[in-house]
Amino acid sequence: MTRVAFLGLGAIGAPIASHLAPPSFDLVVWNRTRERAKGFVANHGGHIADSPRSAGKNAEFAITCLPSSREVDQVLFGDDGLAASLASGAILIDCTSGDPGASRRIATRLAEQGIDFLDAPVSGGVTGAIAGALTVMCGGDEAVFDRCRPVLEAFGKKIVRCGGVGAGHAVKAVSNALLAVHIWSLGEALTALAKLDVNTAVALDVISASAGRSNASQNLFPERVMTRAFPRTFRLALLDKDIGIAATLAEEAGVSVPVIELTARLIRDAHAELGEEADHVEAVKVIEQRAGVRVS
Ligand code: NDP
């Protein structure tokens, strides 16, 4: 059986790792908070590693799913780091929504040890992860991507190589910048309609069948905002990070992106106001508060 090490059993990491459990793979997991790893192994099987370093022993593939590239760097090259035990020929698959520049630096450092790198951030949320139906956008050499396919197919449905190292992270950052723009602009639009005494449930239904529709109008708002359920599946802090990466990438490319920059600022302020644990859709609450009206 192929040995896979999985590091980072958070909201999306745990359901991804569940598809790599025995008997499909020989899975070893590591999580900073050990209790989470214990709960995971009790439910899905596999072994627990005491440190990133011990997780990497004999692993053909190591997968990281951490908040940002900063934590990936720490887990790889910090004390008892994963890179110290990965053998030449192993592949690091980074499912974190990371930073392309940081990933290129990490890939260069790993290459000195004969370890390959594939950035493989995902989209589809916790529901998509549980269903094993994520979109996986990859960056790396084609031969490395091909070798990773059997692992990625365990949790992904649409699996695409977008280019060299960092390309997957770039596409993911831009996709989530669009997600932020869609949530924020729909929140503003429905707030305005609420102020005009329009029935917002009817408006949302019409918009979702019209040119202004998006995943936000068709799924997120009906399921989370109109119901006031606001489940916590993807932290606003992480969306703030993603749109920040997109804005920085555009700046580095010398492209003016005023809508993305403005939305990044609004999301950053909402993150500061709502805190680290708020879900990304809860940003709508900030719009509602400012307008003094609820969209539902
Ligand atoms: P969570 O905040 O739920 O989990 C973060 C994970 O990283 C936990 O396992 C946490 O460990 C670990 N961690 C945090 N800081 C450190 C550190 N300094 N050293 C070691 N481990 C650390 O995040 P998600 O699972 O939601 O997201 C993970 C990645 O996937 C992010 O890049 C996110 O943007 C991306 N993503 C998330 C989606 C979602 O729907 N949630 C969808 C698509 C992408 P501990 O248990 O100890 O806190």
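A polar contact is a pair of N or O atoms within 3.5 Å; within protein, one atom must be able to donate a hydrogen and the other to accept it, and residues adjacent in sequence count only if both atoms are side-chain atoms. The structure is a predicted model, in which local features need pLDDT of at least 70, side-chain atom pairs count only at pLDDT 80 or more, and totals for chains, interfaces and linings use all residues. Residues are numbered from 1 along each chain as its sequence is written, and side-chain values use heavy atoms, with hydrogens and water left out.

In the side chain of T33, an N or O atom is 2.5 Å from an oxygen atom of the ligand. R235 places a polar side-chain atom 3.0 Å from a ligand oxygen. L66 uses its backbone instead: an N or O atom there lies 3.0 Å from an oxygen atom of the ligand. On its own, the ligand has 900 Å² of accessible area, and the protein covers 89% of this. Such areas come from the Shrake-Rupley method with a 1.4 Å probe; for residues, only the protein chains shown count as cover.

The shell around the ligand holds 28 residues, each with a heavy atom within 4 Å of it. N31, T33, R36, T233 and K241 are the closest. Three helices, α4 (69–77), α6 (125–131) and α11, each supply at least two shell residues. Helix α4 gives the largest share, 3 residues. Helices (H or I, at least four residues) and strands (E, at least two) are DSSP runs, numbered from the N terminus.

The ligand takes up the space of the largest pocket. Pockets are found on a 1 Å grid over the protein atoms alone: a pocket is an open set of points with protein on both sides within 12 Å along at least five of seven lines, whereas in a cavity a 1.4 Å probe fits but cannot get out; lining residues have an atom within 4 Å of a point. A molecule sits in a pocket if more than half of its atoms lie within 2 Å of its grid points.

S68 lies in the loop between β4 (61–64) and α4. Its relative accessible area is 14%, so S68 is buried. Buried means under 20%, exposed over 50%, and partly exposed in between (1.4 Å probe, protein chains only). S68 and K241 are 173 residues apart in sequence, yet their C-alpha atoms are 7.9 Å apart in space.

Charged side chains also pair up. The model has 12 salt bridges, each a side-chain nitrogen of Lys or Arg within 4 Å of a carboxyl oxygen of Asp or Glu. One of them joins R224 and D279, at 3.3 Å from N to O. This pair links distant parts of the chain: R224 is in helix α10 (residues 215–225), and D279, 55 residues away, is in the loop between α12 (258–274) and α13 (283–291). R224 is buried at 12% relative accessibility. D279 is buried too, at 1%.

R228 and E288 form another salt bridge, with 2.9 Å between the closest N and O atoms. Here E288 belongs to helix α13 and R228 to the loop between α10 and α11 (236–252), 60 residues apart. E288 is buried at 5% relative accessibility, whereas R228, at 24%, is partly exposed.

E282 and K285 meet at 2.8 Å, N to O. E282 is buried, with a relative accessible area of 5%; K285 is partly exposed at 30%. Salt bridges link R232, E282 and K285 in a network.
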